[in-house]
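Visitor: I would like a close look at one part of this model. Please keep to the charged side chains.

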Amino acid sequence: IHADDTPFACCGNVHVIEADPRTSYYSEFFGVIDNFLGDLCGAPDGQTVAYVSDESNRREAYVEAFPKRGNKARVSDNGGGYPLWSADAKALYYLSGQPDGQLTLTVAEDRGGRWVSRRLFALPPGPEDVTRLNYAVFDNGRRFLVSVYVPDTAPHTITVGINWPAG
């Protein structure tokens, strides 16, 4: 974000920003991403960026070379969003919706320039809000931390004091 609060990523315009302590920032235009919806996520190796676009007429996860554009590929095969990279940048995790409304954590792996996706596990049912879509990947996909909806079943009580002596 610029000092005047103008966002860099808007309407598909994406900029590469390199911090420069002398000038506060340096911006280079990365390009226009067709039907860009957000969820930018840079790979730990700095060579690839993941993002979400609806250029296929639904939310899908894409990867593309970075910082020089090229080799764009759609990695999700049934919708996708909220991408996160593995620490070794060889796999991309994302959430995908199933026809029955179930959310699934899915992994896409780069197999020589071809991305192959497989579903790992379904998230427990719950309301679809942004707090439920939080997750983290550890140990290159061997462990996950997932936000799970737990309904509040505790009784709600209120205590009212009547004729409380002032004192």
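Which side chain meets Asp77 in a salt bridge, and what is the N to O distance?

Guide: Arg119 is the partner, with 3.8 Å from N to O. The model is a predicted one. The cut-off for a salt bridge is 4 Å, so this pair qualifies.

Another of them joins the side chains of Lys72 and Glu55, at 2.9 Å from N to O. Here both residues come from loops. Lys72 is in the loop between strand 5 (60-65) and strand 6 (73-74). Glu55 is in the loop between strand 4 (48-53) and strand 5. The pair therefore ties together parts that are 17 residues apart in sequence. Lys72 is partly exposed, at 37% relative accessible area. Glu55 is partly exposed too, at 31%.

A further salt bridge pairs Arg143 with Asp139. Their closest N and O atoms are 2.8 Å apart. Asp139 is partly exposed, with a relative accessible area of 37%. Elsewhere, salt bridges with shared partners join Glu109, Arg111 and Arg118 into one network.

Note on methods
Residues numbered from 1 in each chain as written. Predicted model: local features only at pLDDT ≥ 70, side-chain atom pairs only at ≥ 80, totals over all residues. Heavy atoms only, no water. Helix = DSSP H or I, 4+ residues; strand = E, 2+ residues; numbered from the N terminus. Buried < 20%, exposed > 50% of the residue type's maximum accessible area, 1.4 Å probe, protein only.
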